[in-house]
Amino acid sequence: MTTPAPTVTARPAADIVAQFTLDEKALLLEGVDAWNTNGVERLGIRRLFLTDGPHGVRKVRQNLGAFGLAEAEPSTAFPTSTTLAKTWDPELAYAVAAAIGRESAALGVDVLLAPGVNLMRSPLCGRNFEYFSEDPLVSGVFGSAFVQGVQSEGVATSVKHFAANSNEDYRFVGDSVVDERALRELYLRAFERIVKEAAPATVMCAYNKLNGTFCSDDRDLLTGILREEWGFDGLVMTDWGATNDRVAGIIAGCDLDMPGQVAHNRASIVAAAQDGSLPTELLDQAVTRVLELVQQCSHGLIHPAGPVDPQAHAELATRVAVEGAVLLANDGTLPIDAIPQQNQRADAAGGLLVVGEQFERMRYQGAGSSLISPPETTSPKDAFDRRGIRYSYARGYRSLDLTPDADLEREALAAAAYADTVLFFGGLGDLEESEGFDRTTMAIAPAQVRLLERLVGTGAKVVFVVSAGAPIEIPRAGELAAVLLLSLPGMHGGEAAARLLLGEANPSGKLTESWPRSAADQSALDYNTSEVARYAESIYVGYRSHDATGTDLAHAFGHGLSYTSFVYRDLDVQLDGDQVRASLTIENTGTRDGAEVVQLYVRNNRGRVFKADKELRAFAKLRIAAGAAERVDLAFALADLSYWDVAEHDWVLENGDYEVIAAASAADIRLTAPLTVTQGRESRSPYSPAVDRAYATPPTGVPAEFADLLGRPVPSPTSTGRLGMETRLGDAQGTWLGRVFLRTVVGRVQKDLDSALALPDSLERDAKVKSSNFVARMMPSMSLRAMAMASSGGFAHHIAQALADLDNGHRIRGIRRMLARPSTPRTATARTDQETR
Ligand code: BGC
């Protein structure tokens, strides 16, 4: 696939629209395939080339459709977003994004489909590794830096997935039922910051419904909030297959349908434009936005990209992996003293034993649309061997076979008899964590749990080095010598692990999400119980809930240890106009240079409006030499302390006594200072007394008052067990047709997965299992509509409707639909090309 050279002239887009035929307008508003938009050669309008993000550039070599995971051109596989955020250094996010921008430009990419800024509502979401945080400030700051970095290299971004897309199991059909305040304060807030601060060229709307309306049809969301309130002037595109009703979508402000090629959608646009139900100005507005994006991309958003320096990008990937790793626990065993000793036998008593397949086959990225093909990788084993470290190694388990392997386990335990220190590399495998499905437990594979427990039982000091894109249960946590979280650290994650374990680098990452001890303690009250996702916890997400309930967490939001220690002192807080300014001194009191992430929370006033106990308002990462002290200044706008008032439909600042908190984590408060606010309004609750009571502290189950909080009845799940346009295929197994259909669509991908699993043990097998597992696990959660919309014309919309009719007893209508020729306007690409000549 080649991207044609830019041909668009600098004429204002609105002038060009006038020359379009109606068919050409319909064409321009959709993709021609999974990765390209349509062009109109006759008018010199070129195609746009779009690729995933967000952890590198995924330019596929072979177009296999929306979910086809063909091999991609090599590009730097940076640490995943969750790791990037755990550096707490937005400048690193900017640098990574600029590097991805340069690589994108070199590969002819116009729009990078990144960053993902959805909130980590639950530790079980399969896609948390692609997101930044449970906290909207962290998500917004990192998302904003990312957009600015990519766009500084002349490549457009697409901030995704707008909005409230916090699960995978129901992503195609789910309805996120969220109260107005939680939506504004949490789920929209990162998007708002990014739009206002970084001006992304595009926004990608999510698959799911938000309060009953598909995001792709939601005019309040895409026009009212995004454009009219926040001033977004770019383009909105669908997620791949997220269109519900194309005409409603255009009216709502959804400009581009991806991956497109849906005859039904083009026909609807043409028909609606002809009968007037789609006003010409709205159609032309969407066309204009596509043209403006083509023009912007053709001229480089800001300036042409700089040259690609693969070595510098590789070093940056390593640095981020180092800075994003979090030392969760340490009894002093880390860093290990593993100076190469020529004469020491690897199996000598007191030696170092390494256990776990992930030592040699590091899991450094997630599965799904963000999959990158890196030019090279460094596993921990590579990094150890490069340094000449003496160790013995036992594989212990196989990541892609979840059940224990008795022989591997026996071998590891036998080796442990000689070991003083055991480094256990493990965590989540690709069968357990991926885009396309969620986890049902935070537990890791039984094979790893049993082995870890037995290793601890030998009395050796066991250090657990974790690869996982989301929180896990840590077996025998209290008895481990240390736990180092690498998250998913990108292609040189092994080098980062070696530097940290051996003390060449000092850990400085901190968690950007709370780690409950098990999923039962998560703050989401209703996660994946049906297609109706009741966000009944409202504003109490993550630490906003755990703070108040006193949940006994494994690790608090913001937690992370260092090989040195920091003392906080002399907090000074001043109100300076509309800014709150805080300054404090941090001293490195240990013997190693290190970095500390200072978190500034504000404890909310106790007024009439229910609030979280405290919320993060600013943060900074300070690199401080051993024995040195630094003064740091932090600031935030007084207005940030406002809550969203559902009676005013606006932000309201409440007068009262607040408290500024300087902390090393949400659970490690070091200094406090009072802050009295008099510039706002006297406290008054916009809620009913019943809601005030139910939400005074985080509810422990979905409260009856949730409907009152929402201001309408809570919808009920509607799945009937039959095929329907909006039923997950996996839920439509009550009928013969539903079962046959699911078996047919899953059959092919399942065959791919089975043949991958049958391959001999190798890295090639791992890669194939990973990719086919993603699609096989995702298929049952698709609906007939989503399939039709995502298939680039391969599965026609009228056939989808016919199947739904047949399965619901409407045989005659179904057969008619099945036999009908879909009305296809003259919008095929070929026709347009002919017209050009
Ligand atoms: C994902 C998006 C991605 C798109 C294209 C969708 O399934 O949700 O994040 O950008 O596919 O690969």
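Author: This is a predicted model, in which local features need pLDDT of at least 70, side-chain atom pairs count only at pLDDT 80 or more, and totals for chains, interfaces and linings use all residues. Residues are numbered from 1 along each chain as its sequence is written, and side-chain values use heavy atoms, with hydrogens and water left out.

Reader: How many residues surround the ligand?

Author: A residue counts as near a molecule if one of its heavy atoms lies within 4 Å of it. The closest are Asp52, Arg127, His161, Tyr207 and Asp239. The number of residues around the ligand is 15.

Reader: How many residues of the shell around the ligand are charged?

Author: Asp, Glu, Lys and Arg count as charged; Ala, Val, Leu, Ile, Met, Phe, Trp, Tyr, Cys and Pro count as nonpolar, and the others, Gly among them, as polar. The shell has six nonpolar and two polar residues. Its charged residues number seven.

Reader: How far is a polar side-chain atom of aspartate 52 from an oxygen atom of the ligand?

Author: A polar contact is a pair of N or O atoms within 3.5 Å. Histidine 161 has a side-chain N or O atom 2.7 Å from a ligand oxygen, and for arginine 171 the distance is 3.2 Å. For aspartate 52, the distance is 2.5 Å.

Reader: How much of the ligand's accessible area does the protein cover?

Author: Accessible areas come from the Shrake-Rupley method with a 1.4 Å probe. On its own, the ligand has 310 Å² of accessible area.

Reader: Which residue forms a salt bridge with glutamate 435?

Author: Side chains of opposite charge can pair when their charged atoms come close. A salt bridge is a side-chain nitrogen of Lys or Arg within 4 Å of a carboxyl oxygen of Asp or Glu. Here the closest N and O atoms are 3.0 Å apart, and the partner of glutamate 435 is arginine 171.

Reader: How many residues apart in sequence are the parts that this pair ties together?

Author: Glutamate 435 lies in the loop between β14 (419–427) and α15 (446–457), whereas arginine 171 lies in the loop between β5 (156–162) and β6 (175–177). Helices (H or I, at least four residues) and strands (E, at least two) are DSSP runs, numbered from the N terminus. The pair therefore ties together parts whose separation in sequence is 264 residues.

Reader: Is arginine 171 buried or exposed?

Author: Buried means under 20% relative accessible area, exposed over 50%, and partly exposed in between. The relative accessibility of arginine 171 is 1%, so this residue counts as buried.

Methods: Polar contact = N/O pair within 3.5 Å; in protein donor to acceptor, adjacent residues only side chain to side chain. Buried < 20%, exposed > 50% of the residue type's maximum accessible area, 1.4 Å probe, protein only.
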